Amino acid sequence: MTDAGTVASGATLYIVATPVGNLEDMTYRAVRILGEVDLIAAEDTRHSLKLLNHFNISKPLTSYFDHNQQFKGERILNTLRQGKSVALISDAGTPCVSDPGYHLVRDAVAEGITVIPIPGSCAAIAALSASGLPSDTFTFAGFPPARQGKRRTFLLNLAGLPGTILLYEAPHRLEECLRDMLDVLGERQIVVARELTKIYEEFIRGTVSQVMTQVAKGKVRGEVVILVAPGEVTPAETVEPLDGILLRLLDEEGLSVKDAARRAAEISGISRNQAYTEALRLKNTSESQ
Ligand code: SAM
């Protein structure tokens with residue numbers, strides 16, 4: 001048996017998953033690889049030092065995070081070019097999954113450096129596995145934008161996808177995100193998976209409104225993954241972009257801005273206000289042409 005995880009003489013970049021909460025989720029292989037490499041690149045060295053100390057791993061450590069990735073990426077690549085091995089870890093879970101790493105992996109691959117994943121915890125996958133929502137097809141969409149307008153557009157773009165949608169969200173934005181979900185995606189089944197693998201692990205299941213009621217009862221603390229079941233009508237071709245719906249209602253059916261907005265809101269599931277603003281913009285644009 002060849003072991004893809006044995007540190008050999010050649011340059012190798014290991015992408016090592018670490019626990020999203022429970023240290024028992026660290027794999028034997030992750031411990032071994034972190035103990036064997038020449039250098040560990042970590043998102044937050046102070047945070048990772050605690051993990052490494054816990055597993056008695058003592059190795060040169062360097063930081064690699066979003067704002068230093070260009071400069072640090074080059075230094076890490078230089079280490080690899082010398083035939084050394086480097087392990088990349090993030091604060092929790094799998095690097096590159098809403099965490100730094102993509103640029104480094106892309107550049108390493110481009111230079112022909114061997115890149116080896118050391119799989120393990122990932123909050124999105126852990127949440128999906130226990131959600132009870134369809135898991136044969138799913139879309140991981142990362143963090144929704146923080147601003148409402150962009151978040152609604154982001155959700156609208158996900159509306160027609162088949163399968164379950166997986167999102168990461170900050171706990172303080174959970175309520176507003178659920179509100180937009182209700183407006184844009186409608187009353188779907190969802191699951192909020194909270195504090196996975198930790199003492200207060202919780203799965204809040206129900207329709208968007210039911211989960212909103214649950215969430216409103218107490219402050220949701222800790223980290224969350226939101227999972228959204230597929231809508232009733234999912235084929236992408238049946239989801240018409242808002243502009244297309246409005247232009248059809250305004251130009252072809254000759255409806256007023258107000259009526260077009262009301263109908264478009266019913267068809268697309270977005271709020272009447274948003275549909276009205278968009279209808280007005282389209283009407284003004286077409287009149288000024
Ligand atoms: N790379 C990580 C992974 O593999 O899951 C994700 C990193 S991302 C910066 C952090 C987000 O992941 C959190 O805001 C939360 O949405 C989700 N997350 C991380 N740990 C979690 C946990 N224990 N329970 C629920 N969600 C978690």
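Student: Which residue forms a salt bridge with R151?
Tutor: This is a predicted model: local features need pLDDT of at least 70, side-chain atom pairs count only at pLDDT 80 or more, and totals for chains, interfaces and linings use all residues. Residues are numbered from 1 along each chain as its sequence is written, and side-chain values use heavy atoms, with hydrogens and water left out. A salt bridge puts a side-chain nitrogen of Lys or Arg within 4 Å of a carboxyl oxygen of Asp or Glu. The closest N and O atoms for R151 are 3.2 Å apart, and the partner is E176.

Student: How many residues apart are R151 and E176?
Tutor: Helices (H or I, at least four residues) and strands (E, at least two) are DSSP runs, numbered from the N terminus. R151 sits in helix α6 (residues 148–158), and E176 in helix α7 (residues 174–185). The pair links distant parts of the chain, with a separation of 25 residues.

Student: Is R151 buried or exposed?
Tutor: Buried means under 20% relative accessible area, exposed over 50%, and partly exposed in between (1.4 Å probe, protein chains only). E176 has 29%, so E176 is partly exposed. R151 has 1% relative accessibility, so R151 counts as buried.

Student: What is the N to O distance in the salt bridge of R194 and E202?
Tutor: R194 is buried, because its relative accessible area is 12%. E202 is partly exposed, because its value is 30%. Their side chains meet at 2.8 Å.

Student: Where is E253, the salt-bridge partner of R263?
Tutor: The closest N and O atoms of R263 and E253 are 3.7 Å apart.

Student: Which residues are joined into one network with R151?
Tutor: The whole structure holds 17 salt bridges. Some share partners. Along with R151, the network takes in R152, E176, D180 and D183.

Student: What is the strand order of the open sheet?
Tutor: Two strands pair if DSSP finds at least two bridges between them. The sheet has five strands, with mixed pairing. The edge strands, β6 (138–140) and β9 (202–207), each pair on one side only. The order is β6-β7-β10-β8-β9.

Student: By what angle are neighbouring strands of this sheet turned against each other on average?
Tutor: Axes are lines fitted to C-alpha atoms, for helices over the stretch in contact, and angles run from 0 to 180 degrees between N-to-C directions. For this average, direction is ignored. The value is 20°.

Student: Which residue in β10 stands opposite I165?
Tutor: Strands β7 (residues 164–169) and β10 (residues 224–228) run antiparallel. Five bridges join them. Opposite I165 stands V228.

Student: At about what angle does helix α8 run to β9?
Tutor: Helix α8 covers residues 208–217. This helix lies across β8 (189–194) and β9. Its angle to β9 is about 135°.

Student: Which residues does T207 touch, not counting those up to four places away in sequence?
Tutor: T207 is in strand β9. At 15% relative accessibility, T207 is buried. Contact means heavy atoms within 4.5 Å. The residues touched are E187, R188, Q189 and I190.

Student: Which element supplies the largest share of the lining of the largest pocket?
Tutor: The lining has 33 residues, and the closest to the pocket centre are V20, D91, A92, G93 and E223. Elements β7 and β10 each supply at least two lining residues. The largest share, five residues, comes from α2.

Student: What is the phi of N56?
Tutor: Most residues other than glycine have a negative phi. N56 lies in the loop between α2 and β3 (61–63), and its 71% relative accessibility makes it exposed. Its phi is positive, near 55°.

Key: On a 1 Å grid over the protein atoms alone, a cavity is a set of points where a 1.4 Å probe fits but cannot get out, and a pocket is an open set with protein on both sides within 12 Å along at least five of seven lines; lining residues have an atom within 4 Å of a point.
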